[in-house]
Amino acid sequence: MASHSDFVLYIADQCSGAGEITTRKMFGDYGIYCNGKIFGLICDDRFYVKPTETGRQMLRTLELRKPYDGAKDYFYIADVDDRDYLSELVRETCRHLPAPKKK
């Protein structure tokens with residue numbers, strides 16, 4: 001089951017305090033980016049963030065899940081309604097992720 005566009009837009013809006021949030025359709029679901037850096041996935045109407053140590057310390061509930069078969073574990077974010085919390089989590093996660101590779 002693919003993600004609904006309304007859910008994708010909601011997640012992007014909830015994270016918008018972190019910077020310029022964009023999404024890109026990938027394999028029927030979505031990658032989500034902040035200022036050009038991919039920080040998470042939206043799969044089957046669920047939100048996942050790449051794991052970092054800073055993110056781990058910020059999480060209200062630590063739950064690791066695979067967003068799709070064969071994927072690495074990501075932080076599963078069930079509480080998507082607190083905009084300030086999500087924006088801060090995204091901002092801090094992106095600070096600790098490597099820069100995107102130049103094409």
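**Close-up views of the predicted model**

View A. Leaving aside residues up to four places away in sequence, Ile-77 touches Phe-47, Val-49, Leu-59, Leu-86 and Leu-89, where contact means heavy atoms within 4.5 Å. The model is predicted: local features need pLDDT of at least 70, side-chain atom pairs count only at pLDDT 80 or more, and totals for chains, interfaces and linings use all residues. Residues are numbered from 1 along each chain as its sequence is written, and side-chain values use heavy atoms, with hydrogens and water left out. Together with Phe-39 and Phe-47, Ile-77 is one of the residues with the most contacts inside the largest nonpolar core, which has 24 residues. At least two residues of this core come from each of α1 (5-14), β2 (29-34), β3 (37-43), β4 (46-49), β6 (74-77) and α3 (83-95), and the largest share, five residues, is supplied by α3. A second, separate core of five residues includes Leu-41, Tyr-48, Tyr-74 and Tyr-76. A nonpolar core is a set of buried Ala, Val, Leu, Ile, Met, Phe, Trp, Tyr and Cys residues joined through side-chain atoms within 4.5 Å; buried means under 20% relative accessible area, exposed over 50%, and partly exposed in between, with a 1.4 Å probe and protein chains only. Helices (H or I, at least four residues) and strands (E, at least two) are DSSP runs numbered from the N terminus.

View B. Six strands make an open sheet in the order β1-β2-β3-β4-β6-β5, with antiparallel pairing; two strands count as paired if DSSP finds at least two bridges between them. The edge strands are β1 and β5 (64-65), each of which pairs on one side only. At one end of this order, β1 and β2 run antiparallel and are joined by six bridges, with Thr-23 standing opposite Ile-32 in β2.

**View C. Strand β3 between its two partners.** Because six of its seven residues are buried, β3 is largely enclosed by the rest of the structure. With β2, this strand pairs in the antiparallel sense over five bridges, among which Ile-32 has Gly-40 of β3 as its bridge partner and Tyr-33 has Ile-38. With β4, which also runs antiparallel to β3, there are four bridges, and here Gly-40 stands opposite Val-49 in β4.

View D. In the hairpin of β1 and β2, which has two residues between the strands, Phe-27 takes a positive phi near 55°. Phe-27 is exposed, with a relative accessible area of 84%. In the hairpin of β2 and β3, again with two residues between the strands, the positive phi belongs to Asn-35 and is near 50°. The hairpin of β3 and β4 likewise has two residues between its strands, and Asp-44 in the turn has a positive phi of about 50°. Asp-45 is placed in the loop between β3 and β4, and its phi, near 55°, is a positive value in a residue other than glycine.

**View E. The largest pocket and its lining.** About 220 Å³ of space lies in the largest pocket, and of the 13 residues that line it, Met-26, Phe-27, Leu-41, Cys-43 and Tyr-68 are the closest to its centre. The elements giving two or more residues to this lining are β2 and β3. By class, the lining has nine nonpolar, one polar and three charged residues, where Ala, Val, Leu, Ile, Met, Phe, Trp, Tyr, Cys and Pro count as nonpolar, Asp, Glu, Lys and Arg as charged, and the others, Gly among them, as polar. On a 1 Å grid over the protein atoms alone, a pocket is an open set of points where a 1.4 Å probe fits, with protein on both sides within 12 Å along at least five of seven lines, and lining residues have an atom within 4 Å of a point. Grid points are joined across faces, edges and corners, and a volume is the space filled by probe spheres set on the points.

View F. Lys-37, found in strand β3, is buried, with a relative accessible area of 16%. Not counting residues up to four places away in sequence, Lys-37 touches Ile-32, Cys-94, Leu-97, Pro-98, Ala-99 and Pro-100. Thr-54 and Cys-94 are 40 residues apart in sequence and 9.9 Å apart in space, C-alpha to C-alpha.
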